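Reader: I am new to this structure. Please walk me through it, feature by feature.

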Amino acid sequence: MMSSRRQFIRTGLVGSLLLSFSGWLNAAGARALSDSERALLGAVGQAMLDGVLPDDVGQRQRLLQQTVDGIAVEVAGLSLATQRELGQLFGLLVSTPGRIALAGVSRPWGEASREEVQHFLQAWRDSRLALFQTAYAALHDLTFGAWYARSDSWEAIGYPGPPQGVF
Amino acid sequence: MQDPIRRGLASGWQHVDASSLTRSQSVDADVVIVGTGAGGGVSADILSAAGLRVILVEEGPLLSSSDFKMREADAYPQLYQESASRKTADKAINILQGRCVGGSTTVNWTSSFRTPPEVFAFWQQRFGLHELSAVSMSSWFAVMEHKLWVRAWETPPNRNNDLLAIGSERLGIASAAIKRNVKACWNLGYCGMGCPTNAKQSMLVTTIPAALARGAVLYTRLRAQRLQFVGGRITALECLALRPDGLRTAGKKVTLRARHFVIAAGAIGSPALLMRSGVPDPYRLLGKRTFLHPVLISSGLMPERVDGYAGAPQSVFTDHFLHQAAIDGALGFKIEAAPLHPVLFATTLQGFGQAHARLMREFTQAHVLLALLRDGFHPDSQGGQVVLAGDGLPVLDYPLTPLIWEAARRALLAMAELQFAAGARWVSPVHEMSTGYASWAEARRGIAELPLKPLLCRVVSAHVMGGCGMADAPQRGVVDHRGRHFWLDNLSVVDGSVFPTSLGVNPQLSIYGLAARNASVLAAQLSGRPPPVIP
């Protein structure tokens, strides 16, 4: 029963409600994220990284942009099948019906409040549907992976970085 | 720091990066080996030493100590399957597997254990593998231990591991030191990102250089696509060159012909290649009984600095919980420590926002234990199944059953108790609904009630085994005790996929020992030299 419901969500929502994402991958592999995808991932980053982002708005924006850049690099290293799935997920979320009906976020991603986005993330994290749980997990891993890959995030957690010296 | 790979290449070793091929080609050899990890590396060494012309096929890149910068952002995409985020079909288990020359041996944490005697006894009893025992295998293990410098690690454990010893002692549980395959180890703690000092005696710096020095040819960025066979014999292996991204095919083919084919592509890759090739499988055993040692994770915070990123990643273990029931009873588990680095820790840790940030701020005081469940012995522990996706690439479907969750709960309890005994001020299972506990009493109550389900409770794996299991007859296995395929004369499987169950120990030495034995038998047959004396 669980799997037929999941199957319904997958084919019903992701399949028909949404666009064709065949354009996700270009010949070279990592296609650049679209502006709307960048806005989505920036909003997710702002919510996920609450507590580590600086208060200064300019710095914050710069770091979020770097995190989104890092996510694009991470995605390009995943299997093609996973890249397609992520393309579908991002496509779902940047579409207005997907954002409103599935994420419950009323305003465009670039204007959504941190609390509103956190509410969406928490709802998917707590969801009984595996599709939403795995989508949350993907956003979680991509965001924190991109953030803590950068050496300027390490001071805040006391990590000195790899040993320096003659190797 | 000398880089033995770059030095060897400069001296004329034959390495072909298939992503740079300008046209398709066809090559002949005595033996083609698919995969360069524990099984492929040992096979290449032994077969080339017998004077056989060997070709090695590796899907990943050739990288070496000069490339190993100890940075997660580089290491995971370069050296691991799917950037270290390979998942099972339902995405509930994250699998760490190497994908580079040396395979998982290039990125493993050096823990070295012989196959336990009770595992051999189970294989004899259930799979008719009477030729394999702790005694009959002991000389093969000894040879590989000697060759790969597997020995007691005399340096004191890092704090992260020492806390496991301390907790065990306070609870009256036996723990012991882990042997490691290192030579002049600097105790840096970055084994998982490729050893920058060539101390780890992985296949990358031992058997593969030995084979290349004897004229073996190494292809990288080359995907073994399909075995062609006529009657009972493999005639050729068709391979597809990959682009430099390692993901897409480049449109060039490499056709490899040989007298014998050794498959050592790991417990997901090997069955997948045989399935893509449509080799005979009348009893539908290929890709079945794939085991993972499903791993539960418990993170604690200590009052003192732990610095889990520094020092040998695994040097202490306890098997106390492996021996609480019969081997085919409720699942037992091995407990070890886990190295901590920012990306792996942050992505594994549950939650987000302020709660996640709070835990990360205490990164240097974090202490992490792992429990590896011993799957494949209980009658209801059938493991997972490798299936081919639409693109022909494998996916492992591994259902997390009530039997596993029952053991998972015991494992989370055991780890929390050990961590509190070692002085933890806070412990939490890695679980989406746990906010952690401040005492053992609190943890005991809390963990007893945690709902344990896929995607809620984090499960990972670094040990993929099975899928081409060995047995005494084709009704029970894909290959025999020598790794020889039951239906195709000149086909062997020499890697962790031949294990008919999991092992209950980190698998590298089990693969080295069996590969040494089976490659030696094969080398004698193919070269016409006298066979090795097998006890």
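This is a predicted model: local features need pLDDT of at least 70, side-chain atom pairs count only at pLDDT 80 or more; totals for chains, interfaces and linings use all residues.

Reader: How many helices and strands does chain A have?

Author: Helices (H or I, at least four residues) and strands (E, at least two) are DSSP runs, numbered from the N terminus. Chain A has seven helices and zero strands.

Reader: What share of chain A is buried?

Author: A residue is buried if 20 or more other C-beta atoms, placed from the backbone, lie within 10 Å of its own. In chain A, 37% of the 167 residues are buried.

Reader: How do I read a sheet?

Author: Strands of a sheet pair through backbone hydrogen bonds, either parallel or antiparallel. Here, two strands pair if DSSP finds at least two bridges between them. Chain B has an open sheet of three strands, ordered β6-β9-β7, with antiparallel pairing. β6 (111–112) and β7 (150–151) of chain B are at the edges; each has a single partner strand, so one side of each is left without a neighbour in the sheet. Two bridges join β7(B) to β9(B), residues 179–181. Val150(B) is opposite Asn181(B) there.

Reader: Which strands form a hairpin with five residues between them?

Author: Those are β19(B) and β20(B). β19 (residues 385–388) and β20 (residues 394–397) of chain B pair antiparallel over four bridges. One pair is Val387(B) with Val395(B). In the turn, Gly392(B) has a positive phi of about 80°.

Reader: What are the domains of chain B?

Author: Domain bounds come from an automatic or database domain assignment. For chain B it gives domain 1 (4–148 + 201–288 + 465–527) and domain 2 (159–186 + 295–374 + 401–453). Their C-alpha centres lie 31 Å apart.

Reader: How many residues does each chain give to the contact between chains A and B?

Author: Two residues are in contact if their C-beta atoms, placed from the backbone, lie within 7 Å. Chain B gives 39 residues and chain A gives 34. On the chain B side, α3 (72–79), α10 (342–348) and α11 (353–361) each supply at least two residues. α11(B) has the largest share, seven residues.

Technical notes: Residues are numbered from 1 along each chain as its sequence is written. Chains are lettered from A and ligands numbered from 1 in the order in which they are written. A residue is buried if 20 or more other C-beta atoms lie within 10 Å of its own, exposed if 12 or fewer, and partly exposed in between; C-beta atoms are placed from the backbone.
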